[in-house]
Amino acid sequence: MSSKGYMGRILRVNLSDGTFHIDPLPSEWIKEYIGGDGFAAHVLYTEVKAGTDPLSENNKLMVSTGPITGTLWPMSGRTVFVSKAPLTGIWGESHVGGFLGPELKYAGYDMLVVEGKSEEPVYILIQDSDLQIISADDLWGSTTDHTTVSIQKKHHDPDIQVAAIGPAGENRVRFASIMINHARAAGRTGMGAVMGSKNLKAIAIRGTGAVEVADHEGFVELAKDAHRRVRENPQAKEMGKWGTWILTAVKQEIGELPTYNHKTGVFSGWEKLSGDFIRPRYTISDRACFGCSLGCKKVNYIPDGPFAGTLEEGPEYEGLMAIGSSLGIADYPTTLKANQICNKFGMDIISAGATIGFAIESFVEGLINENDTSGITLKWDDSKTVIKLLKMIGRREGFGDVLAEGSKRAAEFLGRGTEKFALHVKGMEISGQDGRTHRSIGLGHATGARGADHLRSLVVVDQLGYEEVAAERWGADKLPEIINPYTEKYKATAVFETENAYAIRDTLIVCWYSVSWPPIFWMKDFAEMLPLATGEQYLGKVENLITIAERQITLKRMFNAREGITRADDRLPDRFTKEPMPEGPGKGQVVNLEPMLNDYYRLRGWDLETGLPTKETIKRLSLEWAL
Amino acid sequence: MSTLANQLIIDYSKCTGCRLCELACSAKHEGKFQPSLARLKIVKYDSLGLDIPNVCPPCEEAPCIEVCPVYAMRRDPVSNMVYVVHDKCILCKSCVGACVNGVIRLDTYAMKIIKCNHCDGDPECAKICPTGAITYGPVSSISTVDRHGKVDRYLREVKRVASVEEAGGDV
Ligand code: SF4
Ligand code: SF4
């Protein structure tokens, strides 16, 4: 193991027999995958067989990092959880900020693989080379924050980093999250339920070692310059002040603020969910994840009203949308309270909000009634009921037990035509974007490996109209269509190239906000940095990084293909393809998915008919072993 | 004390808890990224959303100097900074325990006491800090920020959160 940046070791824990095992990190993986979800994809593909029940002991959970995790590179403290997803039954991954990943590396491991299932509730404690599985009997049933603090107190070390599940994960809520540092969520696809199914309450890590890079001085100098670029980037500055709340106003302006379960993109109450409104009234401190000079996290306190005394971080824009505009609630304190419940119970606020939205619309449209909902009347703009439903979901009480299955399964259970209000792709609920007003995200939602994803291929350059950047990345010949949000033309090109860059982002692993607005980092910046970090010159060429990205995206596709996914599953709910946007700047727009899919498959080297990787593509990406 | 000497000055209300300062410090002094050997420490309270940098300012009355049995901990009369004379140090760790900021450490690998030296007048932590929470300069009445300013804002919340915690972390 000569490459730098890595610790060179993979830690495996088998909960069935209570053993630990350390494997060397295969050196060939570095050029093939770089790290992060690439390493984890290899393990998941080779070790979790097709048809495995995600909630069975045969599923595995990977906690993975990259070569620059724990270094001075901006926003490089992220961690990824990978497993077969309880929400969708396909590829599952969830990235999270906070401080866990660096601690895993300081303890001496690039990745943790959790296997098997414990008989009794336990937590894993990793303190450098001291490895233990400890009873969590006294923690079972408690909230994520209580669990975290209890473990730190018990071992007399407040610097122990904890990834915990709450009651939602224990109850196998299909969109249960894993929580880090009180309020940072590995939210999507139900990773918390995987932990719950293994009787694993928490993973606690403390490391005192070092991460070393190949060229320390060169790397530090480049990293410092990179921090300067973040600090001087105007959008990043704004994001530091307002957090993702800045998006509410942007989305409203372009008519893409999901409202009433994505019925429309315009919300009359948007101002009360905007940064301008929230920050001066409620925000008490700004916080950052590991190694981040932007600091988008906001801690807020509600001084009065029904939720007086709520002290909590967030929610992000996605939470404001999922609980706010999408449920017709123009009230920030409700979204903060909802976020607190989701954090403490450990569940994804996006899927939780979307599933409640599905139920409300089904009720309002008369497809379901009080007999289905434990006697609860559902309507838009009803804070109290939403808060009540969230707790019922976390506890799987009454109607909450139905909603805890996510919108797809809930609709299958309820029937009666409710399916049309279950807005998901492959089982994962649609996030806070709308293909009707931003065509490229329509394609991204339809093709994302984990379902309706806003983090793997969301193009910012087209929507915000960065003409020069678009010309540089995709070719001037594709202007102006490629940055016109209302046309399908060339959108596959934008999605393909962006998804590749984000795939590299997810191997390093760095935060979404270090790639989102030009001119902060893109492929060539990573190509410049990676040889300094790892000593691998191969990683210093953009074309090689593109191959690695393509390999990774195609490998995830092959994982899904093995579970039966084909082109027929790359679809959007009818709301986006058949119901024209009713108002706002995008009035009358719908998504025409098929031509974008054709273009996208061609670029990926996937078969047009089946949507599956062709033999040639598999060969070109050296993935024959996976056949 | 000398009014001209520079100090590390902390504004507790600005720190976001990013720990870049710990990274930059270990990068400079250890040649690697190892916060456990940084010469300063960010104490984090995630439940309260609070981050508190602990540095060697240095103290005006330095307990580490007073406690050292062999006079290995000394103060530079010009810079006013406190430093260890490694030749004299017997690794008794008295200073580690005495430091009110908790930033003197024993490097158990190199077997030596490690302690901030203000990077000889050009502190890395102040240079990397993105928020201005750590600055370096002569102390004046204006730049001295009340250590407890930010903490006070949270005090009314601490009790409530703590009592909820005791009760099992209910919502
Ligand atoms: S002044 Fe230098 S040695 Fe002291 S804490 Fe800051 S970076 Fe470390
Ligand atoms: S670099 Fe500044 S903001 Fe970041 S943790 Fe250190 S003191 Fe706080």
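**Charges, cover and salt bridges**

Modeller: A:E57, A:E119, A:E120, A:D137 and A:D138 form a patch of negative charge on the surface. A patch joins like charges within 9 Å, or nonpolar side chains (Val, Leu, Ile, Met, Phe, Trp, Tyr) within 5 Å, using residues with over 30% relative accessible area and no salt bridge. Asp and Glu count as negative, Lys and Arg as positive, and His and the chain ends are not counted; a charge is placed at NZ of Lys, CZ of Arg, CG of Asp or CD of Glu. The model is predicted: local features need pLDDT of at least 70 and side-chain atom pairs count only at pLDDT 80 or more, whereas totals for chains, interfaces and linings use all residues. Residues are numbered from 1 along each chain as its sequence is written, chains are lettered from A and ligands numbered from 1 in the order in which they are written, and side-chain values use heavy atoms, leaving out hydrogens and water.

Biologist: Where is A:E119 placed in chain A?

Modeller: A:E119 sits in the loop between β6 (111–115) and β7 (122–127) of chain A. Strands (E, at least two residues) and helices (H or I, at least four) are DSSP runs numbered from the N terminus.

Biologist: Is A:E119 buried or exposed?

Modeller: A:E119 is exposed, with a relative accessible area of 71%. Exposed means over 50%, buried under 20%, and partly exposed in between (1.4 Å probe, protein chains only).

Biologist: And A:E499, buried or exposed?

Modeller: A:E499 is buried, at a relative accessible area of 6%. This residue belongs to helix α19 (residues 491–508) of chain A. Apart from neighbours within four places in sequence, A:E499 is in contact (heavy atoms within 4.5 Å) with A:R456, A:S457, A:I553, A:Y600 and A:R604.

Biologist: How many residues of helix α4 of chain A are buried?

Modeller: In α4 (residues 144–154), 8 of the 11 residues are buried, among them A:D145, A:H146 and A:Q152. After α4(A) comes A:H156, with a positive phi near 55°.

Biologist: Which residue partners A:R184?

Modeller: A:R184 forms a salt bridge with A:E313, with the closest N and O atoms 2.6 Å apart. The pair links distant parts of the chain, 129 residues apart: A:R184 in strand β11 (residues 184–186) and A:E313 in strand β15 (residues 311–313) of chain A. A:R184 counts as buried at 4% relative accessibility, and A:E313 counts as buried at 7%.

Biologist: What about B:D122 and B:K127?

Modeller: Their side chains meet in a salt bridge of 3.1 Å, N to O. B:D122 is partly exposed at 38%, and B:K127 is partly exposed at 46%.

Biologist: How many helices and strands are in chain B?

Modeller: Chain B has 5 helices and 8 strands. Of its 171 residues, 49% are buried.

Note on methods:
Areas by Shrake-Rupley, 256 points an atom, 1.4 Å probe, with all protein chains shown as cover. Salt bridge = Lys/Arg side-chain N within 4 Å of Asp/Glu carboxyl O.
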